[in-house]
Amino acid sequence: MYKVLIVEDEDIIRKGLLFMVNWQEAGCVVVGEAVDGLEGLEKIRETNPDIVVVDINMPVKDGLSMLEDSIEEYGYDAVIVSGYSDFEYARKAIRLGVTEYLLKPVNFNELYDALRKIKDKQQAAARLRHELKQLDMEKRKLGILDEPETGDSPEGNRHVEYTATGCRRLWTC
């Protein structure tokens, strides 16, 4: 199950997303909710979500600022749900690597499509990391990789990190 965090200041929208979306059928579980970007940052640190569904215009800290402060560090994918169709918001969202920009009222079919895209992208990235790790192990066995073993996870391996970062940029919609 993919972990989802919902960051939305409007109670009716947040609760609608929480209770009207069939998260389990989408292969997801909601691990938290927040009413502004500052609380969203706290929840991101606590829950380490795979997917963040976020509004743009919120009190205290807006959604785009929250994404700027956390999306690279925590490596989640984001779906923006907004009442604003402003081109500047969309352009900034694209630069941040947001998967989808949905307008309110939310069309649930579009949300399900966005979740499917994210899951497909994350599964492909996981397969790639696994294959690169296997390749590095083979190179070590053959003595053609002079980097020290970094443990079971691919983190810290500059080849895996570089390729995973490139894939994130390529697969950003």
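At 9% relative accessibility, Ala26 counts as buried. Buried means under 20% relative accessible area, exposed means over 50%, and partly exposed lies in between, with a 1.4 Å probe and protein chains only. I'll come back to Ala26.

First, the ground rules. This is a predicted model: local features need pLDDT of at least 70, side-chain atom pairs count only at pLDDT 80 or more, and totals for chains, interfaces and linings use all residues. Residues are numbered from 1 along each chain as its sequence is written, and side-chain values use heavy atoms, with hydrogens and water left out.

Now the chain overall. The protein chain has six helices and five strands. Helices are DSSP runs of H or I with at least four residues, strands are runs of E with at least two, and numbering starts from the N terminus. Along the sequence, the pattern reads β-α-β-α-β-α-β-α-β-α-α. The protein chain has 173 residues, and 40% of them count as buried. Next, contacts, meaning heavy atoms within 4.5 Å. Take those between residues at least 6 apart in sequence: 62% join residues at least 24 apart.

On to α3. It has twelve residues. From first C-alpha to last, α3 reaches 15 Å, close to the 16 Å expected at 1.5 Å a residue. That expected span is 1.5 Å times one less than the number of residues.

Which residues of α3 are buried? Gly63, Leu64, Met66, Leu67, Ser70 and Ile71. They cover an arc of only 150° around the axis, so they sit on the same side of α3. The arc is taken over the directions from the helix axis to the C-beta atoms. On the other side of α3, Glu72 and Glu73 are exposed. And what covers the buried residues? The cover includes β1 (2-7), α2, β3 (51-54), β4 (77-82) and α4 (87-96).

Two of those are helices, so let's look at the packing. Two packed helices are described by the angle between their axes and the distance between the axes. Here, axes are lines fitted to C-alpha atoms, for helices over the stretch in contact, and angles run from 0 to 180 degrees between N-to-C directions.

Start with α2, residues 37-47, against α3, residues 63-74. Their axes come within 10 Å and cross at roughly 10°. That makes α2 roughly parallel to α3. The cut-offs: under 35 degrees is roughly parallel, over 145 roughly antiparallel, 65 to 115 roughly perpendicular, and the rest oblique. From α2, Gly37, Gly40, Leu41, Ile44 and Arg45 meet Met66, Asp69, Ser70 and Tyr74 in α3. The residues of this contact divide into four nonpolar, three polar and two charged. For the classes, Ala, Val, Leu, Ile, Met, Phe, Trp, Tyr, Cys and Pro count as nonpolar, Asp, Glu, Lys and Arg as charged, and the others, Gly among them, as polar.

Then α4. It packs against α3 at an angle of about 10°, with the axes 10 Å apart. The two are therefore roughly parallel to each other. Leu64, Leu67, Glu68 and Ile71 in α3 meet Tyr89, Lys92, Ala93 and Leu96 in α4. By class, that contact has six nonpolar, no polar and two charged residues.

Back to Ala26. It lies in the loop between α1 (11-20) and β2 (28-34). Leaving out residues up to four places away in sequence, Ala26 touches Tyr112, Leu115 and Lys119.

Last, Asn57, in the loop between β3 and α3. At 37% relative accessibility, Asn57 counts as partly exposed. With the exclusion of residues up to four places away in sequence, Asn57 touches Asp9 and Tyr84. Asn57 and Tyr84 are 27 residues apart along the chain, with 8.4 Å between their C-alpha atoms.
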